[in-house]
Amino acid sequence: MFDRVDHVGIAVEDLERAIAFYERTFGVTCSHRERVDEQGVEEAMFKVGESWIQLLQPTGPDTPVGKFLARKGEGVHHVGYGVADLVEALAHLKAEGVPLIDEAPRRGSRGAQVAFVHPKGVGGVLVELVQE
Ligand code: CO
């Protein structure tokens with residue numbers, strides 16, 4: 001079902017500071033910035049080979065990433081996996097009894113279609129399915 005690791009989503013308190021740290025320390029370049037209001041995040045993307053690092057700063061405390069930061073602090077928030085057919089992937093997971101956060105695709109960054117799978121069905125890992 002997965003055709004690549006699309007991105008690793010990392011929750012940060014201060015996006016500008018985190019971008020500067022990643023660029024200086026890891027020699028990666030931020031090539032995409034976007035605010036996704038539906039998900040309550042301001043994000044920065046760094047291309048690494050076929051995959052991305054996605055830094056996420058919440059737009060407020062009452063957002064999924066805002067609540068994550070309050071509960072756990074900064075760190076890995078989710079893993080995004082590429083799929084060729086998101087609707088088919090969701091139907092497959094539903095048939096397998098895996099709990100879904102999104103029953104249907106929604107808009108993600110870079111014009112992609114995305115859906116989140118509940119971490120309680122994936123050993124504690126919040127999974128995002130991405131169809132470009
Ligand atoms: Co993501």
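R35 is partly exposed, with a relative accessibility of 45%; here, buried stands for under 20% relative accessible area, exposed for over 50%, and partly exposed for values in between (1.4 Å probe, protein chains only). The model is predicted, so local features need pLDDT of at least 70 and side-chain atom pairs count only at pLDDT 80 or more, while totals for chains, interfaces and linings use all residues. Residues are numbered from 1 along each chain as its sequence is written, and side-chain values use heavy atoms, with hydrogens and water left out.

R35 takes part in a salt bridge with D37, in which the closest N and O atoms are 2.8 Å apart. A salt bridge is a side-chain nitrogen of Lys or Arg within 4 Å of a carboxyl oxygen of Asp or Glu. D37 is exposed, at a relative accessible area of 52%. The structure holds 13 salt bridges. In another of them, R33 is joined to E16, again with 2.8 Å between the closest N and O atoms. Since R33 belongs to strand β2 (residues 30-36) and E16 to helix α1 (residues 15-26), this pair ties together parts that are 17 residues apart in sequence. Helices (H or I, at least four residues) and strands (E, at least two) are DSSP runs, numbered from the N terminus. R33 is partly exposed, with a relative accessible area of 40%. K94 and E103 form a salt bridge with their closest N and O atoms 2.7 Å apart, and both residues are exposed. A network of salt bridges links D3, R4, D6, R110 and E132.

The strands form an open sheet of 8 members in the order β2-β3-β4-β1-β5-β8-β7-β6, with mixed pairing. β2 and β6 (106-107) stand at the edges with a single partner strand each, so one side of each is left without a neighbour in the sheet. Two strands count as paired if DSSP finds at least two bridges between them. β6 and β7 (residues 113-117) run antiparallel and are joined by 2 bridges, and R106 stands opposite V114 in β7.

Within the sheet, strand β3 (residues 41-48) contains E43. E43 is buried but has no salt bridge, and R110, the nearest side chain of opposite charge, is 5.6 Å away. For charge, Lys and Arg count as positive and Asp and Glu as negative, whereas His and the chain ends are not counted. Beyond its neighbours within four places in sequence, E43 is in contact with residues including H32, R33, Q54 and S109; contact means heavy atoms within 4.5 Å.

In helix α2 (residues 64-72), the buried residues are V65, G66, F68 and L69. They lie on the same side of α2, because they cover an arc of only 160° around the axis; the arc is that of the directions from the helix axis to the C-beta atoms. The exposed residues P64, A70 and R71 are on the face turned away from the buried side of α2. The cover over the buried residues of α2 includes β1 (4-11), β3, β4 (51-58) and β5 (75-82). Just after α2, G73 has a positive phi of about 80°.

Helix α3 (residues 86-95) contains L93, which counts as buried at 12% relative accessibility. Its contacts, apart from neighbours within four places in sequence, are M1, V98, L100, V117 and L129. The C-alpha atoms of L93 and V117 are separated by 8.7 Å, and the two residues are 24 residues apart along the chain.
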